[in-house]
Amino acid sequence: MDDAGLGMTQDERARAQRMVGSCEPILLTELGDPPRMGLAAIGQLTRQFDLSVDLSSPSPYGGVRAVLRIDRHLLTRIDPEELPPAASAPRSTRREAVRDTAGGSASPRGAEPGALSPSPGTEPARAAPSHGAQPAPAAVSDGSQEPDEPAPTAGSHGPAPTAGPERPEPAATAPDHEHGYGTDQEDRAGAPAPGHHSPGDSGGLPQRRRRSRAEEAEDEFCGECWTVTNGIPFEAVELAIRLRERRVRGTQDEVPVMRDLAAAVKGPGLIERLKRLGPSTVRFAWAGAVLGGPFSPESAADLAVVGSAEAVEATEKLRACRILTDADEAAGALEFVHPLIATTVYRDIPSGLRVGMHDAAANAAQTVESDPTAAARHLLEVPCDGRAETVACLRAAAREYLRAGAPEAARRVLTRALREPPPAEDRAALLHELAGSTFLIEPTATVSHLREALKEPGIDPDLRASIVYRLTQALAHTDRLTEAATVAADEARRATNARVRLRMQADHFVWSAFRADEPDSSARSRRLARLAGKLTGRGLEERYILGLRAWDALVRGEPRRSALEYAEEALSGGMSWTDENRGFEVPVAVALLFMYCDQPRRAEDLFAAGMAECEHRGWRGSHLAQGQTLLGYIRYRRGCLPEAEELVRAGLHTAERVEGAVPAQWFAIGILIQILLARGRTTDARLLADTYHYGDVVPNAVIFPDPRTVYAELLLAEGRFAEAASLLSRVGDWLESRDWHNPAWCPWQLGLASALARTAPDQAVLHAQDAAKRARDFGAASAIGQALRVQAEVTGGQAALELHTQAVDHLERSPAAYELARALVGHGAALVRSGRLHDAADRLYQGLEGAVHCGAEGLAARARRELSAAGLRPLPLRYAQTDMLTGPERRAAEKTAQGHPAPVVAQELRITEQGVRHLLSSVYRKLGTDTAGLADALENCPWPGR
């Protein structure tokens, strides 16, 4: 089974193969949160029924190939005499072939493969004979089939031979030639395509298929078959059909016969056969090749200028020679038996005639069809002649392609429209549309198109504003934030319309906020605060300003309640991720704000809606890459490490396929390093950093998490404390110059405290204390708990125990499962050193359980070591990880959301206050929120039985 998705990286494919093919047990924690059971269930079934699954091969369609292998000992032969097939079942040739082989019966030979027309009084040879036919001596695997699968045989599924698998639905993106027949096959002719076999593979033939078809076929004969067909599936299958018709047994002496038959299959032989069918038939075939895909006989007849009777005769001849087949019997449509035949016929058309036929087909499509893409694919093959109607048709087709999520096809037709050329008054708009089609796949080209558009005279003000915005966005996505901010500021100064000026000011604030070398960040923040305070309306421009104000309040460390209020106002009318004139930077920043404010479930919901919007529009470039990456970051902050790693790797894979998507790659690499460190895989994190030269280059854009802080975390994990301290000191100077003080956004002080703990403990304590104070000023429980944990670690001694207790208390009121597990293990270790083994055991058991559920293998190993050092034995997990609330958890959450304090809740539930705190801690982790967002989260939380 092949798919045409995004595919998998090497690591992802290896993990998937282990899931379906390994005999080792698979832990529930490896399946993500919520658990993704598909691959694990397949692996269990294959082991149970002695099957095997292979996921190691890429699909020729771009995704993954999944192959199910069934060994011969699992197959049972059904005796058709005892169990006859149903009357509606397709007729099989297997029984007759076996009977003929056993009894030596003979039957009339089929028509010569190269015959142009059947003899008088005989049925046209449309398929291999169903009686007396010997099995084909060889059949080469199709590119979309696994070698061990049975080969398609003529007559097994109806009258027409099957040259390959059923053709998939056309993808959204059009091929290089809009008629569907490019030169890819010629380019690959020298080497086997995916799924083809080389001569070294036992004569280029799968052994199982060879055994099932003809044991007597010699290796030299099979190797020669592969050589003359170049391993191309269609030619190999067609040759096998002809060999069976001629009853060739596959000996060395029959190689010359095989070569003659192969010549009739390949390009020159095919064209020679076609030309012998008559001029009308040739023109009909040419018309079908120009129309491409399934076509109606009437359209081909009109294009070929032949009558209806000649069209019927041509159709029958082409069917008999296995050139055409029925595509849709209900509609009477025809198609070529294989794309290679269509390509060969198309290339045989004289160039001048081919252009004329495309021109006629385009005119006919514009006359009778409302879909402009039907005419556009023909106009691509027609010379430019400056027709305004051609430009209009191509622009309309581009809009349809973009609506269908095919920006590459849109770019192709708009490039052709630009060469037409368009009327002077439409040139700027056309360049703007062309830039929109290239933005997701080649942002550097977008910059060139837009700069050229701005040079055009007399541009409409609204169009100019859209061009300028798209230009700033393209500059930002190619790591040129300074240019983007400058362009927006210049346009804001020259704008005369108040609405356009406000929009340009918002753009200037956006790119300045994400510019790493902003000269005066504090002044920009003050201007932004004043502007946000003056806004009286809540239009789209105003709400974008409020969204920027919310983000600025976050990074500056203002109270989270203030940041959340601005964010809610910004979202009051909705913020689209795919608004071509606004971009997705502000909606993404607003969504992430909820994560930093301990409401990650709200952030996940916003990301899910935004990514769905992008995929619906077919935006699978840098937007989707950053969406996948940052959604993985949210899962990381919640403590769902395996799922986070999967998402971020997918984001990095997507970003690498987009030319110039530098910031998107920086986001993914930094987050992936943090995830690997959290999972205890320091070596993998170092390999990733070295592969991408992470840490050697400082990006021009503000990336989160901050790349230098992430690299310092890697240095700390490797024990390179002095280097980490030096790097974090520079990060601190940069952030202090911008008045960005929030440790929830960038915990550089915590890393610096850890780096200095051994050489300058007093400074380490001061940095940790300052970070804890800033975290309290911000007000997020996860940030406070993380800061207190580090403060306890650098303080040491008995004074650290109270800090550890406070850290755990705060983190239990947050959704940060991984940070809670770290705090529990750290507290337990400190209690062990203080001799309080009973209390230590409880903390370490809780921390171990949390680490296992998070997928933090390194932290779990540390907890086990601490337990072992204390003379304690790790216990089995007490509960399975799930997002579903239990009954007591639900009741405790509802009472708390109604404003009842813990003592009241404990009394009503008849448990202790400590028990209430444990229930609520589990609720916060499962729902992905804190107390402030509890009521909203409960409304969307399913509860079985109600």
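Colleague: What makes the lining of the largest cavity count as nonpolar, polar or charged, and how do the residues divide?

Modeller: This is a predicted model, and each lining residue is sorted by its type, with Phe and Pro among the nonpolar ones and Glu among the charged ones. The lining comes out as 16 nonpolar residues, three polar and one charged.

Colleague: Why is that space called a cavity?

Modeller: A cavity is a set of points where a 1.4 Å probe fits but cannot get out. The search of the whole structure finds eight such spaces of 30 Å³ or more, and the largest has a volume of about 260 Å³. Of the 20 residues lining this cavity, F514, E585, Q626, P663 and F667 are the closest to its centre. Two or more lining residues come from each of α20 (461-477), α26 (585-596), α28 (622-638) and α30 (662-678).

Colleague: And what does the lining of the second largest cavity have by class?

Modeller: Here there are six nonpolar, no polar and five charged residues. Arg, Asp and Glu count as charged, so R503, D507, E541, R582 and E585 in this lining belong to that class. The volume of this second cavity is about 90 Å³. Its lining includes Y469, W511 and Y544 too.

Colleague: Which elements supply that lining?

Modeller: At least two residues come from each of α22 (498-513), α24 (540-556) and α26. The largest share, five residues, is from α22.

Colleague: What makes a group of residues a nonpolar core?

Modeller: The members must be buried, of the listed nonpolar types, and joined through side-chain atoms within 4.5 Å. The largest core has 184 residues, and W551, L592 and W745 have the most contacts inside it. With eleven residues, α30 gives the most to this core. Apart from it lies another core, of 33 residues, including V306, A314, V337 and I341. As a general point, nonpolar side chains in soluble globular proteins tend to be buried together.

Colleague: Which residues is L592 in contact with?

Modeller: Contact means heavy atoms within 4.5 Å. Beyond neighbours within four places in sequence, L592 meets that with W551, F607, L630, I634 and F704.

Colleague: What is the average pLDDT of the chain, and where is the pLDDT below 50?

Modeller: The chain averages 81, and 79% of the residues score at least 70. Over residues 92-214 the pLDDT is below 50. As pLDDT is the predictor's confidence from 0 to 100, the 228 contacts that this stretch has beyond near neighbours in sequence belong to a part of the model with pLDDT below 50.

Terms used:
Residues are numbered from 1 along each chain as its sequence is written. This is a predicted model: local features need pLDDT of at least 70, side-chain atom pairs count only at pLDDT 80 or more; totals for chains, interfaces and linings use all residues. Side-chain values use heavy atoms; hydrogens and water are left out. On a 1 Å grid over the protein atoms alone, a cavity is a set of points where a 1.4 Å probe fits but cannot get out, and a pocket is an open set with protein on both sides within 12 Å along at least five of seven lines; lining residues have an atom within 4 Å of a point. Grid points are joined across faces, edges and corners, and a volume is the space filled by probe spheres set on the points. Helices (H or I, at least four residues) and strands (E, at least two) are DSSP runs, numbered from the N terminus. Buried means under 20% relative accessible area, exposed over 50%, partly exposed in between (1.4 Å probe, protein chains only).
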